[in-house]
Amino acid sequence: MNVRDLVRVLSDGQFHSGEQLGEAFGVSRTAIWKQLQKLETLGIVLEAVRGRGYRIAQPLELLDGGRIVAGLSRESRQQLSRLFIESQLESTNTFLLERFAQGAGHAEVCVAEVQTAGRGRRGRTWHGRWGAGIHFSLGWRFDSGVAAIEGLSLALGVRMAELLDPLGVDVRLKWPNDLFGGAGG
């Protein structure tokens, strides 16, 4: 059983009993209960009603690779080498750095539902909540060296905020390429 599949079922607004979920996934009710506990550790708020079952309190829209690619311009789709959609990663950046170490990584994008050990300023780690943000990294190889791109991170952060504004997304720039919700962020 995959966490994304369980989240998808529980996000439909309906209550699902442990027995129904166990039958649907081919596992015991105990296994379902353990997975429900795991969801709560990921910050997913569940509602449990005796005799009715479980559901996610606030429905989540899961990442959908097909919809993401379909939303890209033709030129962007042609540039994209590979798109990874992951349920949970320590860090999307680390994921792509490992791809580069294997000889891949260029023009690849990694998006995760939740990131548990993202790297911030001065080596600080942070994690996001499932469904409460967009955790992604873009891998791109530059032949001109680091000095030629030192302002790129900030420029990308500013541009992302500008692109989201007309869509009604109130964001602020937190650190060169980190955006956060403006209303209490």
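**Notes on this predicted model**

1. Let's start with the parts list. The protein chain contains 7 helices and 9 strands. Keep in mind as you look around that this is a predicted model. Along its principal axes, the C-alpha trace spans about 60 × 40 × 35 Å.

2. Next, some overall numbers. The chain has 185 residues, and 26% of them are buried. Take the contacts between residues at least 6 apart in sequence: 54% of these join residues at least 24 apart.

3. Which residues have the most contacts inside the largest nonpolar core? They are Val7, Leu10, Leu36, Leu39, Ile44, Leu46 and Trp130, and the core has 15 residues. Two elements give two or more residues to this core, namely α1 (3-10) and α3 (29-41). The most comes from α1, with 4 residues.

4. Setting aside residues up to four places away in sequence, Leu39 touches Val3, Leu6, Val7, Leu10, Ile44 and Leu46. There is also another core lying apart from the largest one; it has 6 residues, including Phe95, Leu96, Cys110 and Ala112.

5. How do α1 and α3 sit against each other? The two helices pack at an angle of about 85°, and their axes are 11 Å apart. An angle from 65 to 115 degrees counts as roughly perpendicular, so α1 is roughly perpendicular to α3. On the α1 side, the residues that meet α3 are Val3, Leu6, Val7 and Leu10. Their partners in α3 are Gln35, Leu36, Lys38 and Leu39.

6. Now move along to α2 (residues 18-25), where you will find Gly22. Is Gly22 buried or exposed? Its relative accessible area is 5%, so Gly22 is buried, given that the cut-off for buried is under 20%. Beyond its neighbours within four places in sequence, Gly22 is in contact with Val27 and Ile32. Gly22 and Ile32 are 10 residues apart in sequence, and their C-alpha atoms are 6.2 Å apart in space.

7. At its start, a side-chain oxygen of Ser91 comes within 3.2 Å of the backbone nitrogen of Asn93. After the helix comes Gly103, which has a positive phi, near 95°.

8. Further along, the loop between α6 and β4 holds Ala107. Although Ala107 is not a glycine, its phi is positive, about 65°. Ala107 has a relative accessible area of 4%, so this residue is buried.

9. Last stop: His135, which is found in strand β7. With 7% relative accessibility, His135 counts as buried. What does His135 touch, leaving out residues up to four places away in sequence? The list is Thr92, Cys110, Val111, Ala112, Glu113, Val114, Gln115, Trp126, Gly128 and Arg129.

Methods
Residues are numbered from 1 along each chain as its sequence is written. This is a predicted model: local features need pLDDT of at least 70, side-chain atom pairs count only at pLDDT 80 or more; totals for chains, interfaces and linings use all residues. Side-chain values use heavy atoms; hydrogens and water are left out. A nonpolar core is a set of buried Ala, Val, Leu, Ile, Met, Phe, Trp, Tyr and Cys residues joined through side-chain atoms within 4.5 Å. Buried means under 20% relative accessible area, exposed over 50%, partly exposed in between (1.4 Å probe, protein chains only). Contact means heavy atoms within 4.5 Å. A polar contact is a pair of N or O atoms within 3.5 Å; within protein, one must be able to donate a hydrogen and the other to accept it, and residues adjacent in sequence count only if both atoms are side-chain atoms. Axes are lines fitted to C-alpha atoms, for helices over the stretch in contact, and angles run from 0 to 180 degrees between N-to-C directions. Angles under 35 degrees count as roughly parallel, over 145 as roughly antiparallel, 65 to 115 as roughly perpendicular and the rest as oblique.
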